[in-house]
Amino acid sequence: MSAESSNLSNIEHRAVIKYFVKKGKTAKEIFEDMVSVLQESAPSYTMVKKWARLFQQGRESCEDDPRPGRPVTVVTEENVRPKNKIMTDS
């Protein structure tokens with residue numbers, strides 16, 4: 001496997017972990033298998049252990065849970081300029 005093709009996303013890592021959990025592998029076995037294939041691109045043992053536990057407890061989704069709080073906004077000239085114009089018109 002080439003280095004480029006071994007760079008998986010977090011969701012892809014989790015899908016692999018989920019698959020191995022369903023096959024009955026332990027977190028340690030999953031981690032060792034992923035390291036043997038993905039090498040430095042493999043997730044940490046802590047992350048494998050966390051997601052393996054979640055899947056063993058019945059979690060089905062590989063997606064992150066939504067986080068509370070205000071979404072990040074971006075300040076650009078386009079969204080700042082209209083406010084400045086209103087302030088100078090007053």
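This is a predicted model: local features need pLDDT of at least 70, side-chain atom pairs count only at pLDDT 80 or more; totals for chains, interfaces and linings use all residues.
Trace the chain along its sequence and the pattern reads α-α-α-α.

Of the 90 residues, 22% count as buried.

Next, the rings. The structure holds three aromatic pairs, and we'll stop at two of these. Select Phe-31 and Tyr-45 and show their side chains. The ring centres are 5.5 Å apart and the planes sit at 70 degrees, over the 60-degree cut-off, so this pair is edge-to-face. Phe-31 belongs to helix H2 (residues 27-38) and Tyr-45 to helix H3 (residues 45-56), so to speak a link between distant parts of the chain, 14 residues apart. Check the surface here too: Phe-31 is partly exposed at 23% relative accessible area, and Tyr-45 is also partly exposed, at 35%.

Stay on helix H3 and pick Trp-51 and Phe-55. With centres 5.7 Å apart and planes at 40 degrees, this pair is tilted. The two are four residues apart in the helix, which puts about one helical turn between them. Buried or exposed? Trp-51 and Phe-55 are both buried.

Last stop: select Lys-25 and Phe-20. The charged end of Lys-25 sits over the ring of Phe-20, 4.6 Å from the ring's centre.

Notes: Residues are numbered from 1 along each chain as its sequence is written. Side-chain values use heavy atoms; hydrogens and water are left out. Buried means under 20% relative accessible area, exposed over 50%, partly exposed in between (1.4 Å probe, protein chains only). Rings of Phe, Tyr and Trp (its six-membered ring) pair if their centres lie within 6.5 Å; planes under 30 degrees apart count as stacked, over 60 as edge-to-face and the rest as tilted. A charge sits over a ring if NZ of Lys or CZ of Arg is within 6 Å of the ring centre and within 35 degrees of the ring normal.
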